[in-house]
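The sequence and structure are shown first.

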Amino acid sequence: MNDVFKIIENMPPWFWLGWVFLLGSFVGSFLNVVVYRLPRNCLSINNPKRSFCPSCKTQLKWNDNLPIIGWLLLRGKCRYCGVKFGIRYPLVELLTAVLFAFAAWRVLYADGNLAGQWAAWLTLLHILLMIGVLLPWALIDLDLTYIPDKLTLGPLVVFVPFAAHADALQFGLTGSGTRYTHLWFDFSPIWLNSVLSAVLTGIAAAGVLWLIGKASNVIFAKRVQQIGGEAMGGADVKLMVLLGVMLGWPKLLAAFFVAIFVGAIIGSAQLLLKKTHGTPFGPYLTLGALVAALGSQWIRLLYDWYMGILQGLA
Ligand SMILES: [Zn+2]
């Protein structure tokens, strides 16, 4: 077994990054199917097995289905009826592939060659699964401004057991003193501690968001009556449970701040440009979660730099 990991470690980085990129492009292709079919209740994910043209319903050939390349070969048009396939399909495939390869570089090579350690691969798998859940979230939310339960409560089945791998949740965080900064308790075994901490993070985050929602329903009662709903929907609360379990608490906080920060900038720009409906919050949360998962070290550098400037001013 050790020999296998020795071979894996000695392979050139481009070999693994290339494979993960290729895997990402196929996953992206599958995510396009999920985003199209999941909100349409009459279509299931695996039936029909092969993709079809949404206009003339002709089944696509296998080579038309190839990620990125298929779209380029067809020049974005159906071979049979000539209807245009949106540029979003190949872009989602490309984005997934790039994110996958970036995650692999970040986990396996950015802090020295860790490709010979199984824990690093498990961490990478954790992050790739996150990308696979968060991207369809963001896209369905952009399309329909809601996120189906299948994408919030469903993935808990995978991510709660995954939280047992404490190193994955700790990845990218520089602990001061204690090694695992995401743990809430002080007991062994570490895997049980890690699972409980992650689940508690999710429940606490959902609770805080629920309280904020209730409070704003009271404070902005008139406005809430006007729009005929609640300030914070039940879906947002479910999202927070999953995000908490995926990320652990310090990263969840980072994800939330990145989401609010970017959301405020883009939201103001949309107001200035007089776009009537703004972007829903899901895509910002997705961006925040990805930045927190892959870039927590850089967030920390930014934070230290900012605090340094503040101290310089004082
Ligand atoms: Zn067609």
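Domain bounds, as used here, come from an automatic or database domain assignment. This is a predicted model, in which local features need pLDDT of at least 70 and side-chain atom pairs count only at pLDDT 80 or more, while totals for chains, interfaces and linings use all residues. Residues are numbered from 1 along each chain as its sequence is written.

Q: Into which domains is the protein divided?
A: The assignment gives two ranges of residues. The protein is divided into domain 1 (1–116) and domain 2 (118–314).

Q: Which helix gives the most residues to the side of domain 1 that touches domain 2?
A: The centres of the two domains, taken over C-alpha atoms, are 25 Å apart. Their contact (C-beta atoms, placed from the backbone, within 7 Å) takes 18 residues from domain 1 and 17 residues from domain 2. On the domain 1 side, α2 and α4 each supply at least two residues. The helix that gives the most, with nine residues, is α4.

Q: How many residues on the side of domain 1 that touches domain 2 are nonpolar?
A: Ala, Val, Leu, Ile, Met, Phe, Trp, Tyr, Cys and Pro count as nonpolar, Asp, Glu, Lys and Arg as charged, and the others, Gly among them, as polar. On this side one residue is polar and one is charged, and the number of nonpolar residues is 16.

Q: How many helices are there in the protein?
A: Helices (H or I, at least four residues) and strands (E, at least two) are DSSP runs, numbered from the N terminus. The protein has zero strands, and its helices number 12.

Q: What is the radius of gyration of the protein?
A: The radius is taken over C-alpha atoms, and the globule rule is 2.2 Å times the number of residues to the power 0.38. For 314 residues that rule gives 20 Å, and the protein comes close to this, so it is as compact as a globular protein of that length. Its radius of gyration is 22 Å.

Q: Against which helices do the buried residues of α2 pack?
A: A residue is buried if 20 or more other C-beta atoms lie within 10 Å of its own, exposed if 12 or fewer, and partly exposed in between, with C-beta atoms placed from the backbone. Among the buried residues of α2 are V20, G24, L31 and V35. The buried residues of this helix pack against α4 (88–109) and α5 (118–144).

Q: Is V107 buried or exposed?
A: V107 lies in helix α4. Leaving aside neighbours within four places in sequence, V107 is in contact with A120, T123, L124, I127 and F171. Because V107 has 26 C-beta neighbours inside 10 Å, it counts as buried.

Q: Is K57 buried or exposed?
A: Most residues other than glycine have a negative phi. K57, in the loop between α2 and α3 (69–74), has a positive phi near 65 degrees. With 10 C-beta neighbours inside 10 Å, K57 counts as exposed.

Q: Which residues does a cis peptide bond join?
A: Most peptide bonds are trans. In the loop between α7 (166–170) and α8 (190–219), where P189 is found, there is a bond with omega about 0 degrees. This cis peptide bond joins S188 and P189.

Notes:
Two residues are in contact if their C-beta atoms, placed from the backbone, lie within 7 Å.
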